[in-house]
Amino acid sequence: MRASRFVVLFAALIGLLASVPATRAQDRAQDADAAFAELASDNFNRIEAGITALASSGAPTAAPALEAMADGRLFFSPARQVFWKDKAGATFDAKTGAAVSEAPGGLRPVRVNNRIRRALDAAVGSLTLMSPDPAKRRAAAESVFKSRDATAIPALDAALGKESDPAIKKLFAQARAAALLANADAPEGERIAAVDVLAERGDQDVLGLFNTVKGNAPASLKVKVEAGAAAIERRMKLLEGVQNAWYGLSLGSVLLLAAIGLAITFGVMGIINMAHGEMVMIGAYTTFVVQEVIRTSFPALFDWSLLIALPLAFLTAGAVGLVLERTVIRHLYGRPLETLLATWGVSLILQQAVRSIFGANNREVGAPAFMSGSTEFMGVAVTYGRMWIIVFSLLVFAALFVVLRATSFGLKMRAVTQNRRMAAAMGIRTPWVDALTFALGSGIAGIAGVALSQIDNVSPNLGQSYIIDSFMVVVFGGVGNLWGTLFAALSLGVANKFLEPFAGAVLGKILVLVFIILFIQKRPRGLFALKGRAVEA
Amino acid sequence: MTTFLKTLSAAALAGGIALTSFGAYAQNTIKVGILHSLSGTMAISETTLKDVMLMLIEEQNKKGGLLGKKLEAVVVDPASNWPLFAEKARELLTKDKVAATFGCWTSVSRKSVLPVFEELNGILFYPVQYEGEESSKNIFYTGAAPNQQAIPAVDYLMENEKVTRWVLAGTDYVYPRTTNKILEAYLKSKGVKAEDIMINYTPFGHSDWQTIVADIKKFGTAGKKTAVVSTINGDANVPFYKELGNQKISAKDIPVVAFSVGEEELAGIDTKPLVGHLAAWNYFQSVDDPTNKAFIEKWKAYTKNPKRVTNDPMEAHVIGFEMWVKAVEKTGTVDTTAVIDSLIGVSVPNLTGGYSTMMPNHHITKPVLIGEIKADGQFSIVSQTAGLVVGDEWSDYLEGSKDLIADWRAPMSCGNFNVKTGKCGGAGK
């Protein structure tokens, strides 16, 4: 009797002790349940509230569900039950976190818009600050920095204590400073200290934050923030020159690529080739075809697709050029107006042919991993794609230079263009040299197409947008001179980009054209005119 | 040089690509003209519209035609060449004697054919969103006027994203310039200061967006929520969006709302970096409605391509065609004058689950939808106007046009009636 009473008492005591954490866990679970119900709503306000509630519930089921939502893998059933799928496609019940053997029918993705995405970023950010994956911690720090969410400060403090990577630690400190500075209720001393931490980062995001805070900050903080903003603006002003030069170089390299093939066909051979742009387009479409084949048959090779496309584009465009020279252009040597009309007709035929084969719509050419993304260099955004195009254009230029100067074909080519009859007398088969030279120029245009497919539309009209620019570069640089083409392309690119901020894109382009017209009046043979008898021939 | 080239192109294409007509019902058919570019720069957008019209006509013929006669499509190719549009329109009206024409995309092509349709008393259904400031007796505008697209989009950003700083970026021609003028006036009427509006124009086919995107990024650091309203046209959009992705401007920071980017345009882009950027239209393929689903099915079957997408101007042609069929059935004749009169007030189901009605100003009622780009190139609809919006041909926000109205019903029958002076033809400029 006694013993049993004791047992009851003991059991009750244990129950009492256990129930404290049990109810807390229960509360959490209930909070989370209610939050999940909100996520299944059609109303964005309720969904946002659900995310915030879920993030602060502390329930272990919250993080995977929110991460799934950020990836678009969170769904709800007609009965408003919430499920998420992992990347392999298996379904899990969001409330329990348990796998579901069979996904219920009629699942709809949870609705998101930009506001929800921002809330989601902030929530996932504060939940993954302690993630074992450093990349995730870095991303978490960035999203908390952007959300400036004051409720994340305790989590940041905890994370700061544990973090061992100094770079990530710095990011955490900056995120914490941003959250403090943006929070009007934070103590003024801490906010002032936060300005220093942020001023060190000193990028455009910080400038944005400073400008936001400036409006309603107490006097002492305001002075500090304004000084910080002014310092960032000063530095950005200084960087503007560097940035314009870089953008100009990038535009110049595109011009160079587009024009370099023309420097051969028009510059060296003197053929006004209006179908030059279409050779570029053929190169771009070759890239598209190569990528399609790789996508369907050899997906592992995707990063190599551009390298594979290069020789193929050269051969395809070169072959088209060869056919064009043999069938049309060779009958028209020495008749520039007829050549112009004929090649222009050919360009229309090629465009319409491509339109009939591939359709009028743009085709998607993907960027391999090493060409996508960007990095920040001294505050200037440097995109990898553009950087590689600069490198590539210079490589093409160098290769062409070597071909012209150091190979026997180059020698014959120069001989034929300088004195055709003498070259023929020396036993050079001039018609074949003509054909191969034209094919070489076309092939190089094809290579340019591979690069341009990365930054422009792959559509039948691709070539049209480059033909005028190409002629402009070659004429400005001096017909028949490769160095002139290089110099003209880069200087026109840089001039254009320095004019654009003041004059706007439309007027900037017009100003450049006016300049070239005036320049050609003064020096009709361009920047680097060929001298000697070759000119008269 | 360029004029020379242009004339040459016109001649070459006019000669090269002659008209194609379908079917051999020489005697007892009703001819319908299709005036869309099948070659040249605009072919990218307009070819689809030609296909839609052929599908609609084929379908109508399966239902027994119109007034007991078969419909016959007359397809001509104006080759993206504005003067050629006028020539081809004249050919359709005088040589083929079409009962109605469906066509044009750019505003300049419409402006080029407008005098022809007025002179020869034809009917043109124009399916594309445009800048307004026009109403012709012979043109029926089934695309959106600025108040059916641009203004609701700006309202959405103001309310939902709390945007207070605006970049108006457009291609340098009439549609973006007029739309931006209207938007600028509208924003100022809402209390936005001049220094919070940045206006930027670029040439057609602009492909180097580095400087402009960097400028936009800088403009967005003023500590106010910034958005871009894009009237960038056609091909220039792809490099623009690519550059936004490159410079890591996500829709969460600076959203871009576009008026010329639809499902068709997104088909050529990797849309993953664009998720969340917005577009405003009156129709999206993702509209969850049985009529829309049936239409998409039909379209995919007709084109034999399960990946083909539908878009807003296609819906406009569907509405326009239904309206014309209904008006012809009502009058019992294809006589242009009678059909023009009876088109006003005709109401047909649109593809978003409602009815669109032709108003006396020759514009139609439409719902306005705002969609966010999804990773699969479709749009998730984040906002829809509660009711239908009536197209406002003369903007209320422009000095020269706010007193003008159009009403093509009998007593007034005027495209630019000035309510202040009480006179027709009183353009206040």
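1. In what order do the five strands of the open sheet in chain A run? The order is β4-β3-β2-β1-β5 (chain A), and the pairing is antiparallel. Strands are DSSP runs of E with at least two residues, helices are runs of H or I with at least four residues, and both are numbered from the N terminus. Two strands count as paired if DSSP finds at least two bridges between them.

2. A word on conventions before going further. This is a predicted model, in which local features need pLDDT of at least 70 and side-chain atom pairs count only at pLDDT 80 or more, while totals for chains, interfaces and linings use all residues. Residues are numbered from 1 along each chain as its sequence is written, chains are lettered from A and ligands numbered from 1 in the order in which they are written, and side-chain values use heavy atoms, leaving out hydrogens and water.

3. Back to the sheet of chain A. Strand β1 (residues 74-76) of chain A is joined to β5(A) by two bridges, and the two run antiparallel. Within that pairing, A:Phe75 has A:Pro109 in β5(A) as its bridge partner.

4. Chain B has an open sheet of seven strands with mixed pairing, ordered β8-β7-β9-β10-β11-β15-β16 (chain B). Its edges are β8 (197-202) and β16 (379-384) of chain B; each has a single partner strand, so one side of each is left without a neighbour in the sheet. Neighbouring strands are turned by 25° against each other on average, direction ignored.

5. B:Trp166 has B:Ile197 as its bridge partner in β8(B).

6. How do the two chains meet? The contact (heavy atoms within 4.5 Å) takes 52 residues from chain A and 56 residues from chain B. Together the chains bury about 4400 Å², 48% of it on carbon and sulfur atoms; this is accessible area (1.4 Å probe) lost on putting the two parts together, summed over both.

7. Eight salt bridges cross the interface of chain A and chain B, the rule being a side-chain nitrogen of Lys or Arg within 4 Å of a carboxyl oxygen of Asp or Glu. One of them pairs A:Lys146 with B:Asp253, with the closest N and O atoms 3.4 Å apart. On the side of chain A that touches chain B, the largest share, seven residues, comes from α10(A).

8. Over all chains, the salt-bridge count comes to 43. Among these, A:Lys224 and A:Asp196 have their closest N and O atoms 3.0 Å apart. A:Lys224 lies in helix α10 of chain A and A:Asp196 in helix α8 (residues 188-201) of chain A, so the pair ties together parts that are 28 residues apart in sequence.

How values were computed
Axes are lines fitted to C-alpha atoms, for helices over the stretch in contact, and angles run from 0 to 180 degrees between N-to-C directions.
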